[in-house]
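My entries follow in the order I made them.

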Number of protein chains: 2
Amino acid sequence: MPTPEKISYDPHAPVDPRVETLVNELIGRVADKWTLLVLEELEDHGTCRFTELSRRVPGISQKMLTQTLRQMERDGLVVRTVHPVVPPKVEYCLTDLGHSLGEAFCGVWVWAEANLEKVARARLAFDARG
Amino acid sequence: MPTPEKISYDPHAPVDPRVETLVNELIGRVADKWTLLVLEELEDHGTCRFTELSRRVPGISQKMLTQTLRQMERDGLVVRTVHPVVPPKVEYCLTDLGHSLGEAFCGVWVWAEANLEKVARARLAFDARG
DNA sequence: TGCCATAGTTACCCAAGAGAGAGTATTGAG
DNA sequence: CTCAATACTCTCTCTTGGGTAACTATGGCA
């Protein structure tokens, strides 16, 4: 990591447009609603089984959970461990990469929690203005 | 496996489930592809006009840009300033709230930039296995 | 007189996203 | 012999996201 102390966004940093495209693409993939919620769950509760996740993540369907987990596995964010027993037992846990993403998103969660009120008030004001 | 109860930092620990629902909802809204890209653009270049944004944000259509900007305005993330001249001139700039969101997402951008390679390699490995 | 630019809005349409629910494989328990 | 449990997979359907393109308003300019 080239930046020693503070992480700050430098508008003048020279950015290869191809890299920027890839970054945008990756963010589009990773900043998906279900991915975020699954990530949060795995951060909070560590290793989880499939049905455990489907119970914990509010409103997710089996299909979406499978799909999301497959993508996360492909992207190297989670590890899928199959125990060859009957009934089947499959466990999911975050990789280091997944964990680091969770930390990166931590700021966003904190922001959301801290600014719920402001957003709610902004909406009321906006809707009142017509 | 580290013992679960030993995890000392947990930003989501004592959370009212209703608040958590709202936070998740807000994150779902704010972590939208176009919102993120527009936010990034406004962070980098400050105040922008409509067509300037549509030129800068890669691949966005007029419709999506309008829609995204309206939502961001409603959520209190941007300010829309109309100059009553002909031809029309409308400027968009981030509010303090929008700026703080940009900073919160900064960690994610840094993460994406730093881990592009790892994700790419993980995908190759996964696809080779499958 | 008619054209241009700006910042939209509106209508139409298609494809992707996502939910519901049934089907599948396995085998030990009753 | 049937059932229950797990972790899916498949199909069918509906909703939403998002693209294209045409339309609006206005005053300066040729």
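**Entry 1. Helix packing between the chains.** I began with helix H1 (residues 17-30) of chain A and helix H5 (residues 96-129) of chain B, which pack at an angle of about 100 degrees. Their axes are 9 Å apart. I took axes as lines fitted to C-alpha atoms, for helices over the stretch in contact, with angles from 0 to 180 degrees between N-to-C directions. H1(A) and H5(B) therefore count as roughly perpendicular to each other. The cut-offs are under 35 degrees for roughly parallel, over 145 for roughly antiparallel, 65 to 115 for roughly perpendicular, and oblique for the rest.

Which residues make this contact? From H1(A) I listed Leu22(A), Val23(A), Leu26(A) and Ile27(A). From H5(B) I listed Val108(B), Trp109(B), Ala112(B), Glu113(B), Leu116(B) and Val119(B). Two residues are in contact if their C-beta atoms, placed from the backbone, lie within 7 Å. By class, the contact of H1(A) with H5(B) has 9 nonpolar, no polar and 1 charged. Ala, Val, Leu, Ile, Met, Phe, Trp, Tyr, Cys and Pro count as nonpolar; Asp, Glu, Lys and Arg count as charged; the others, Gly among them, count as polar.

**Entry 2. Ground rules.** This is a predicted model, in which local features need pLDDT of at least 70 and side-chain atom pairs count only at pLDDT 80 or more, while totals for chains, interfaces and linings use all residues. Residues are numbered from 1 along each chain as its sequence is written, and chains are lettered from A and ligands numbered from 1 in the order in which they are written. Helices (H or I, at least four residues) and strands (E, at least two) are DSSP runs, numbered from the N terminus.

**Entry 3. Helix packing within chain A.** Next I checked H2(A) against helix H5 (residues 96-129) of chain A. They pack at an angle of about 105 degrees, with axes 10 Å apart. H2(A) and H5(A) are therefore roughly perpendicular to each other. H2(A) brings Leu36(A), Leu39(A) and Glu43(A) to the contact. H5(A) brings Gly98(A), Leu101(A), Gly102(A) and Phe105(A). I noted 4 nonpolar, 2 polar and 1 charged among the residues of this contact.

**Entry 4. The sheet of chain A.** I found 3 strands in an open sheet of chain A, in the order S1-S3-S2. The pairing is antiparallel. Two strands pair if DSSP finds at least two bridges between them. Strand S1 (48-49) and strand S2 (78-83) of chain A each have a single partner strand, so one side of each is left without a neighbour in the sheet. S1(A) pairs with strand S3 (residues 89-94) of chain A over 2 bridges. Arg49(A) stands opposite Glu91(A) in S3(A). Helix H2 (residues 33-45) of chain A packs on this sheet and touches S1, S2 and S3 of chain A. The direction of H2(A) makes about 90 degrees with that of S3(A).

**Entry 5. The sheet of chain B.** Chain B also gave me an open sheet of 3 strands, S1-S3-S2, with antiparallel pairing. Strand S1 (48-49) and strand S2 (78-83) of chain B are the edge strands. S1(B) and S3(B) pair over 2 bridges. Cys48(B) stands opposite Tyr92(B) in S3(B).

**Entry 6. How the chains relate.** I superposed chain B on chain A with a rotation of 180 degrees and 0.0 Å of shift along its axis, at RMSD 0.1 Å. In chain B, the C-alpha nearest the axis belongs to Ala31(B), 2.9 Å from it.

I then looked at the interface: 41 residues of chain B are in contact with 40 residues of chain A. How many of those on the chain B side come from H5(B)? H5(B) supplies 21 residues, the largest share. That side has 24 nonpolar, 7 polar and 10 charged residues.

**Entry 7. Around the DNA.** I counted 18 residues around DNA strand D. A residue is near a strand if its C-beta atom, placed from the backbone, lies within 6 Å of it. Phe50(A), Thr51(A), Pro87(A), Ser61(B) and Val86(B) come nearest to DNA strand D. The surface near DNA strand D has 7 nonpolar, 6 polar and 5 charged residues. DNA strand C is surrounded by 18 residues, the closest being Val86(A), Phe50(B), Thr51(B), Pro87(B) and Pro88(B).

Methods
Copies are superposed by least squares on the C-alpha atoms of residues with pLDDT of at least 70 in both.
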